[in-house]
Amino acid sequence: MLLHKTLPYDADESRLIQSAYRKLLRSINVELTKEEKKQIRLAYEMAVEAHQAQYRKTGEPYILHPIEVARICAEELGLGARAVVAALLHDVVEDTQISLKEIDAKFGPKIALIVDGLTKFTKAIEKEQDDPDQEVLNPDSHQAENFKKVLLTLAKDVRVVLIKMADRLHNMRTIGSMPREKQLKIAAEATFVYAPLAHRLGLYAVKSEMEDLALSITDPDAYRYVVEKLEETERDRNAYVRKFIAPIKSRLAEWGIEGEIFGRVKSITSVANKVKTKQIPFEEIYDIFAVRVVIDVPVDQEKSKCWHVYSIISDIYVPVPERLKDWISLPKPNGYESLHTTVMGPQGRFVEVQIRTKRMDEIAEKGVAAHWKYKGVGADNLFERWLSRAREVLENPSPDAIDFLNDFKADLFAEEVYVFTPKGEMRYFPKGATALDFAFDIHTQVGFHCKSVKINGRGVPMSQVLQNGDQLEIITHPSQKPTESWLRVVVTGRAKSKIRQALREDMRRMGDFGKETLERKIKHLKLSFEDNIDLIVKHFGYNSRLELYLAVYHERVNFAELKNIRTETIKVNGQPDRAEPVEPTVRPPRTFKGKPRLLINGDDASNLSHSLATCCNPVLGDQVFAYVGKNGIRIHRTTCPNAEHLQATFGNRVMRAEWVDSFDASFVAKVRITGIDDLGVVRRLTDIIANQLRINMRRIEMDGDEGYFEGFISVVINNTDQLNLLIKTLKDIDGVNSVARVD
């Protein structure tokens, strides 16, 4: 029996739990020792008993969650027994009576360390949820602090992050039972932190699924559009792929090269982004899928055999030279190796082809987990180098959690460029990094004292953006030191963190000097420093004591004014003045005439001071949410460019918002139109908008050049249905190439 007879599960629940456990055991694809099997069984039994009284919002026994997280770790991430044990136990310390000491005693210190890392992160999340008002009062985000904590575990054991990734992936797969505002928050966290982290750890499948699930929540219309189009074209696409790969298979067989060839559709999010950014219909996107050639060859023949396959394919189909990407000679920092080319296939269609070995393919799919399996082979040292750099940043994090998160995220998701030191050592940087980033990467002191830079033997500014193949030389001077302007020059988290650290030390030193000077002046006036310092800060118009101290250091404070401060506002010998309190000014809530157009957290929005965000201009019918900012409540679209950042970083300031059927409301929306610039095109457009659709126009901007025009039209509409009709109608006009809503 897998379950103890006394546990309060009915027969159906017991069968469900046992079935999930057997599925977990089948998913473990590494050879287990007798001790490992024993530990997995012991962890399972402990978790079942510990979670016996708990159920998920779906109504299922809670124990199914840690079992599924363990299965994802084993089957989808390729992790071993230790991760499976930790995943089974990842919630027991936080949610049950079991202590970390018990985990240590039964499973050892390594398992206890992983569970402790997972528990600390979960505990921080729970604390935030129990105190939803705290974040509004504190400008530093609790969610950013939580993400900071989970990233800091990279410095200890990357498995903590991987198990947390599996935990979040399962939560997203079962997100349907959660309220709408919670779904938006979890989706934003996924795309803001977890998907970029999965990308950097080489977990392509996890990254893609998280992004797709998030898109289905934040922009369900775009998600459904792509899914439906992919389903409609699946038969034709599969037939085309079979026709494309047939001659390649035949030629590889002739050369005795073993492997498999198949077509793989790009992720839903990737396709949706192309539709949105290129503003073209689904049918005009040529790289909906890629053909992958995975060959089985010894490690010492990998590079030569991959290029041999490339030569075979380029003999069959004409390649596009500028789209050749060689990540075999120069693998990505996360260990990704592959040879990519684009060729002209049958029927005049471009096709992307990816050529790699079985080892490369497993690393591409399972990232860091496969990296451990193939340690010492291929590009594994690249991931080790990145992890070492990440740990260096993580061990000296910025005190400001949001700065830390933004800096680290900038390093996570960026494309890379490679450059060389004067001795020929290759170094990788996120795309957009500068020569000053390079200086800090060499050594912190080299960065601090960087005076000038040479790239390829020519002097350039420190802000020069790095290009592939650049060779850099840094010239230093002892008197040089960082300035605040340097923060606008660098892009890497490491450089920003070091510069901020130096500036804080300088600021602290200057502040201490300014404080000492001010204390002497106030003492000379025979006043108490501590009793009066805040009044003096207010008098001189500064926001904090430190700002005042720095102003004193820079000699921007007129000490003569200390005598002119009204004596009744100064505390003498600790006794306050008798001034009458001033009533705070309260802005009356903004209301709308007629019926309310919005509900915020289920309440009539007309009773709350709120406004529509100008960054995304929501209209009736859009999926929206409310954000409590410093200047009141703002209503944003869930697809707003700022939505991901707001929901992920300031989740407790986000409230549910929804439109309700109401009176004729009016909103301003803007559309971008492109097409062939022929005579009368503007007249046709405006005639259809004004006379056929009877929509008022607020503003028109048109620009034509060499037979092509681009225009922006602002219109006054009532809801998204009217806006969608406008876009559809304009697309049908002869000569119009694209019509799309813009923020």
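Ile72 touches Leu77, Ala166, Leu169, His170 and Arg173, leaving aside residues up to four places away in sequence; contact here means heavy atoms within 4.5 Å. Ile72 lies in helix H3 (residues 64-76), where helices are DSSP runs of H or I of at least four residues and strands are E runs of at least two, numbered from the N terminus. Ile72 and His170 are 98 residues apart in sequence, yet their C-alpha atoms are 8.2 Å apart in space. With a relative accessible area of 0%, Ile72 is buried (buried: under 20%; exposed: over 50%; partly exposed: in between; 1.4 Å probe, protein chains only).

This is a predicted model, in which local features need pLDDT of at least 70 and side-chain atom pairs count only at pLDDT 80 or more, while totals for chains, interfaces and linings use all residues. Residues are numbered from 1 along each chain as its sequence is written, and side-chain values use heavy atoms, with hydrogens and water left out.

Turning to the rings, Phe, Tyr and Trp (its six-membered ring) pair if their centres lie within 6.5 Å, with planes under 30 degrees apart counted as stacked, over 60 as edge-to-face and the rest as tilted. The count by this rule is twelve aromatic pairs. Among them, Trp307 and Tyr310 are edge-to-face, at 5.6 Å centre to centre and 80° between the planes. Both residues belong to helix H15 (residues 302-316) and are three residues apart, so about one helical turn separates them. Trp307 is partly exposed at 29% relative accessible area, whereas Tyr310 is buried at 16%.

Phe440 and Trp486 also form an edge-to-face pair, 6.4 Å centre to centre with 80° between the planes.
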